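Trainee: I have a new structure to read and would like to go through it feature by feature. Please give me the general idea each time, then the case at hand.

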Amino acid sequence: QVQLVESGGGLVQTGGSLRLSCVASGRTFGLFGMGWIRQAAGKERELVASITWSGGSTYYADSVKARFIISRDNAQNTMYLQMRSVKPEDTAIYYCARAPGPGVERDTASYDYWGQGTQVTVSS
């Protein structure tokens, strides 16, 4: 069974930066795509970014494109989300999740395993 643990959330001012990390258990981390999914209060869950098994290809939601960078280090079983130029609308719980296959996954309902989430709050 896969365990995913996020960290790095917190309070940040508009325009600032934050780096989220996700550490995965097991020995098959490098076989699967991964994603960051967020859910803001009163809103549906939203895919923020996804990355292929090797990190060779990525996908970003239009709302975060050019501001956030998803990356992974398979040797460390770790995925990252570098958040820059954050906005109040980025405030949400951010979840690390594993895709069902090696490619990027745009459908949030398709992700197999989820972390516990980490809160990101952007002040005005």
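Trainee: How many disulfides does a search of the whole structure find?

Mentor: A disulfide is a covalent bond between the sulfur atoms of two cysteines. This is a predicted model, and a search of the whole of it finds one disulfide. The bond joins cysteine 22 to cysteine 96, with 1.9 Å from S to S.

Trainee: Which parts of the chain does the pair link?

Mentor: Distant ones: cysteine 22 lies in strand β3 and cysteine 96 in strand β9, 74 residues apart. The angle about the S-S bond is -60°, and the link of cysteine 22 and cysteine 96 is left-handed.

Trainee: Is cysteine 22 buried or exposed?

Mentor: The cut-off for buried is under 20% relative accessible area. Cysteine 22 has 0% relative accessibility, so it counts as buried. Cysteine 96 is also at 0%, and therefore counts as buried.

Trainee: What should I look for in a nonpolar core?

Mentor: In soluble globular proteins, nonpolar side chains tend to be buried together. Here the largest nonpolar core has 28 residues, and those with the most contacts inside it are Trp36, Met79, Leu81, Met83 and Tyr94.

Trainee: Which strands each supply at least two residues of this core?

Mentor: The strands are β3 (18–24), β4 (34–39), β5 (46–51), β7 (68–73), β8 (78–83), β9 (92–98) and β11 (118–123). Of these, β3 gives the most to the core, with four residues. There is also a second, separate core of five residues, which includes Ile37, Leu47, Ala97 and Tyr111.

Trainee: Which residues does leucine 81 touch?

Mentor: Leaving out residues up to four places away in sequence, leucine 81 touches Leu18, Arg19, Leu20, Trp36, Val48, Ala49, Phe68, Ile69, Ile70 and Tyr94. Trp36 and Tyr94 are also among the residues with the most contacts inside the largest core.

Trainee: In what order do the four strands of the open sheet come?

Mentor: To read a sheet, follow its strands from one side to the other. In this open sheet the order is β1-β3-β8-β7, with antiparallel pairing. β1 (4–7) and β7 stand at the edges; each has a single partner strand, so one side of each is left without a neighbour in the sheet. From one strand to the next, the twist averages 15°.

Trainee: Over how many bridges do β1 and β3 pair?

Mentor: β1 and β3 pair over four bridges, in the antiparallel sense. Within β3, serine 21 is the residue that stands opposite serine 7.

Conventions:
Residues are numbered from 1 along each chain as its sequence is written. This is a predicted model: local features need pLDDT of at least 70, side-chain atom pairs count only at pLDDT 80 or more; totals for chains, interfaces and linings use all residues. Side-chain values use heavy atoms; hydrogens and water are left out. A nonpolar core is a set of buried Ala, Val, Leu, Ile, Met, Phe, Trp, Tyr and Cys residues joined through side-chain atoms within 4.5 Å. Buried means under 20% relative accessible area, exposed over 50%, partly exposed in between (1.4 Å probe, protein chains only). Contact means heavy atoms within 4.5 Å. Two strands pair if DSSP finds at least two bridges between them. Axes are lines fitted to C-alpha atoms, for helices over the stretch in contact, and angles run from 0 to 180 degrees between N-to-C directions. A disulfide is a pair of cysteine sulfur atoms within 2.5 Å.
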